[in-house]
Amino acid sequence: MNVSKNVVKLLVAAGTLAIATGAAAQSKGQFTVSVGANMLKPDVTSGDISAPALPHSQGDVSKDTQPVMVINYGLTDNISLESAIGTPYKHKIYGAGAIAGTGQLGTVQALPAIALVQYRFFSPDSMIRPFVGLGVTYAMFQKERGSFAMTALTNPGGGTPTTFSIDNKWTYSGQVGLQVNVTPKWFLNASYIKTKLSTDVHFSTGQYQHMKLDPDSYILSVGYKF
């Protein structure tokens, strides 16, 4: 992916600068805050919309990128807690399977809340610190909107627009990342988060659909140590 290539280029440049300027500790009791962008890309495996829809009527979900703020606190020199806040991710829903090519079926906003426990490798004064994390995520969906195409597929000739809702879910996430100290206070951060997420869609027509979303999250940010 182009995103991955850009991450590598950014980290190489940051590493070169860090060698020239020296590193600073990120240790027990220290807060860090970083701001950047997060691309959230659902890895969709879709179930079928229940009858009377056309057999194998499935769905797909678009990716979205939004600003994000990442907050981290060091419990020890190597173990830290992390959370992120940001604006809702705006996703478009498209037909797939037997209804591929029908266009946009609807839109939804996703607002995931995440809390991670991380292990950071190497000593606190290392210039480059890889890390891994594991945590919980609460996936919340809001402002679901169906299109004319959705109504035509689920309620043809009915005259009433189809609405839908998506179940909010608790789940878990895994993380890998890299922090590069650029100055004693400033750093660059790149991370990848994989979330396992399955949920159900409920239509106003009484139909339903199971969706396995399993989103991938790619975060690039610039941070400051307090």
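I looked up Ser217 and found a polar contact of 2.5 Å between its side chain and that of Asn38. I count a polar contact as a pair of N or O atoms within 3.5 Å; within protein, one must be able to donate a hydrogen and the other to accept it, and residues adjacent in sequence count only if both atoms are side-chain atoms.

The model is predicted: local features need pLDDT of at least 70, side-chain atom pairs count only at pLDDT 80 or more, and totals for chains, interfaces and linings use all residues. Residues are numbered from 1 along each chain as its sequence is written, and side-chain values use heavy atoms, with hydrogens and water left out.

I placed Ser217 in strand S14, residues 216-225. Strands here are DSSP runs (E, at least two residues), and helices are runs of H or I of at least four, numbered from the N terminus. I counted 2 helices and 14 strands in the protein.

I then checked burial. Ser217 has a relative accessible area of 7%, so it is buried (under 20%, with a 1.4 Å probe and protein chains only). Of the 226 residues in the protein, 42% are buried.

Next, I listed neighbours. Leaving out residues up to four places away in sequence, Ser217 touches Asn38, Met39, Leu40, Ser191, Tyr192 and Ile193 (contact: heavy atoms within 4.5 Å). Across the protein, 69% of contacts between residues at least 6 apart in sequence join residues at least 24 apart.

Notes: Buried means under 20% relative accessible area, exposed over 50%, partly exposed in between (1.4 Å probe, protein chains only).
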